[in-house]
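Thanks, everyone. Let's take a quick walk through chain B. Please look at the model on the screen.

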Amino acid sequence: MTPETSNPLLELKNVIKYYNRTTPALADISFSIMDGQFISIIGPSGSGKSTLLRCINRMIEVSSGEVCFDGVITSQLKKRDLRKLRTKIGMIFQHYNLVDRLTVIENVLHGRLGYKSTMAGVLGRYSQEEKMQAHRIINILGLHDQVYQRCDQLSGGQKQRVGIARALVQNPRMILCDEPISSLDPNSSKIIMDLLRSISREMGITFIVNLHQVNVALKYSDRIIGVNKGKLVLDGSPDQLTTERISDIYGSTAKDLMTDSEERYAAG
Amino acid sequence: MQQADIFVKRRNDRWIFFAVLAVLTVGSVIITRYDVLKGFTSIVKAFVWGISNFYPDIESMAKLPDILLKLRETVLMSIASTTIAAVFAILLSLAGSRTTRMSRFFSVMARGIASLFRNIPLVAWAMVLMLAFSQSPLTGYLALFFGSLGFLTRSFIETIDEVSHDAVEALEATGAGYFHVIFQAVLPSSLPQMISWLLFMIDTNIRDATLVGFLTGTGIGFSFDLYYKSMNFHAASLVVMLIVITIIIIETASNMIRRNIM
Ligand SMILES: Nc1ncnc2c1ncn2[C@@H]1O[C@H](COP(=O)(O)OP(=O)(O)OP(=O)(O)O)[C@@H](O)[C@H]1O
Ligand SMILES: [Mg+2]
């Protein structure tokens, strides 16, 4: 391996986050991630998954510790450079977070705003190239019939694909997904997860995906990170992790989640 | 035990509430010597008088052009003051909303201004402003402006926080700048709701402008005052009728607009 490829794309060092003085939402989290990996973060509700994800693109500021993305320490970035950093990191949400009253193409092009001057962005002026790229991605995601439809007329699965398209037009190196399938039925969930996995493979984009369903994580990930009460309690590849090991590490909730999601997937 | 206590407490609270209300009502009636029975019978009498005197006749129609002119003044003043208040309210609400605020300090300031203005009743505004500008259209205009500013700012803040929070998060995460977020996410999501509030406010302000006109001696309120005091009840009734018709028209129009933008 050359030294270049062995540098991690993302590195967290002793990240701590306090929302209040008493208990930390993140307590001393460290890990590093190689380019192109597909990583799941699992953990019970309230364990700090969303907080962890948002500390990576500084939607939430860490209390102490260091987040290093592509060799840059993010906490030191000024506004302009922070915007530049964020263009390299896409984000996908449980509730899709689209502007419902705008059309699919408008929402997808929002992914270009990070590259735009104030005036061009305010007026929504996009170059021919940007529009073509947006259309190309929309086609790949199978939304060509909905291009000019308002997003409030779409199904959940379609909305999530618009969210994915918005992240992809950013030309990101990494995409963060906060429970991308928690609002979807089993069938759409499978479509979305397959899509994320193949995007990761084909475009070489690194994924960090928060998941509630342990066996979805087992099925799709290169590596699984477990958090509980803000602590990193588990880190390994799926084949190293048996059901017992997982429930050992973070309590009986894992078993419930397992059986629950297994049923969902059997049905789907 | 715990649960039983809650039910007992609820029941006691209800009893106390009704007891206090009863004492207040009886007390007020006694103190003001308000004759409840007479109150009701005089409503009937007023109704009878109204039917025999309070209707527009041919003669009063001669006043129609005058009245329409005043009515137009009132309607236009209401629309202008509300719309201009809305422009300022958008700026204040962007500063005040948790989703779009630039700093906590300005947010508290904006919310403070909004709640101060909203809590001063319109009539109080009119009276205070009369001291400064005496009886003039400007007084009425400013009274409506300040009242609307407070109400609209608060409504807009709620609208922004409610409808655009998620999309704002997503756009910020893409690296979009502050003005990008405002123009591409906040305004597209909240404008229809804001316009709906604006229409409601115009509607309310036309009603209120009539009352403010009494005080400030302007607009349709002044016409009514004039005819009423000179005992020209037919003309006065024409004024009332025109106000009612105007309000119905405005309300129908705003409902139509609302249906189209939502
Ligand atoms: N903005 C906030 N202010 C204060 N406390 C917060 C805030 N956001 C999260 N927390 C707290 O931090 C802890 C971790 O929350 P977080 O949302 O990261 O958990 P999560 O693992 O994503 O949970 P879920 O699976 O339910 O989404 C929780 O105890 C939560 O109450
Ligand atoms: Mg979460």
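First, a definition: helices (H or I, at least four residues) and strands (E, at least two) are DSSP runs, numbered from the N terminus. With that, here is our first residue. B:F233 lies in helix α9 of chain B, residues 233-261.

Now the ground rules. This is a predicted model, where local features need pLDDT of at least 70, side-chain atom pairs count only at pLDDT 80 or more, and totals for chains, interfaces and linings use all residues. Residues are numbered from 1 along each chain as its sequence is written, chains are lettered from A and ligands numbered from 1 in the order in which they are written, and side-chain values use heavy atoms, with hydrogens and water left out.

Back to B:F233. What does B:F233 touch, leaving aside its neighbours within four places in sequence? The partners are B:W49, B:N53, B:F54 and B:Y228. Contact here means heavy atoms within 4.5 Å. B:T25 is 208 residues from B:F233 in sequence, and their C-alpha atoms are 35 Å apart in space.

Next, the whole chain. Chain B has 9 helices and 0 strands. Its elements, from the N terminus on, run α-α-α-α-α-α-α-α-α. The radius of gyration is 24 Å, well over the 18 Å that the globule rule gives for 262 residues, so chain B is more spread out than a compact globule. That radius is taken over C-alpha atoms, and the rule is 2.2 Å times the number of residues to the power 0.38. Along the principal axes, the C-alpha atoms fill a box of roughly 70 × 65 × 40 Å.

Chain B divides into domain 1 (2-53) and domain 2 (58-261). Those bounds come from an automatic or database domain assignment. The two domain centres, over C-alpha atoms, are separated by 33 Å.

On to helix packing. Axes are lines fitted to C-alpha atoms, for helices over the stretch in contact, and angles run from 0 to 180 degrees between N-to-C directions.

Take α3(B), residues 64-96, and α4(B), residues 104-119. They pack at about 135°, with axes 7 Å apart. That makes α3(B) oblique to α4(B). The cut-offs: under 35 degrees is roughly parallel, over 145 roughly antiparallel, 65 to 115 roughly perpendicular, and the rest oblique. From α3(B), the contact uses B:L92, B:A95 and B:G96. From α4(B), B:F106, B:S107, B:A110, B:R111 and B:I113 take part. By class, that contact has 5 nonpolar, 2 polar and 1 charged residues. Ala, Val, Leu, Ile, Met, Phe, Trp, Tyr, Cys and Pro count as nonpolar, Asp, Glu, Lys and Arg as charged, and the others, Gly among them, as polar.

α3(B) also packs with α8(B), residues 219-229, at about 140°, with axes 6 Å apart. Residues in this contact include B:D66 and B:K70 of α3(B) and B:F222 and B:Y227 of α8(B). The classes are 5 nonpolar, 3 polar and 3 charged.

Last pair: α5(B), residues 122-133, and α7(B), residues 178-216. Their axes come within 10 Å and cross at roughly 30°. That makes α5(B) roughly parallel to α7(B). Among the residues in contact are B:M127 of α5(B) and B:L215 of α7(B).
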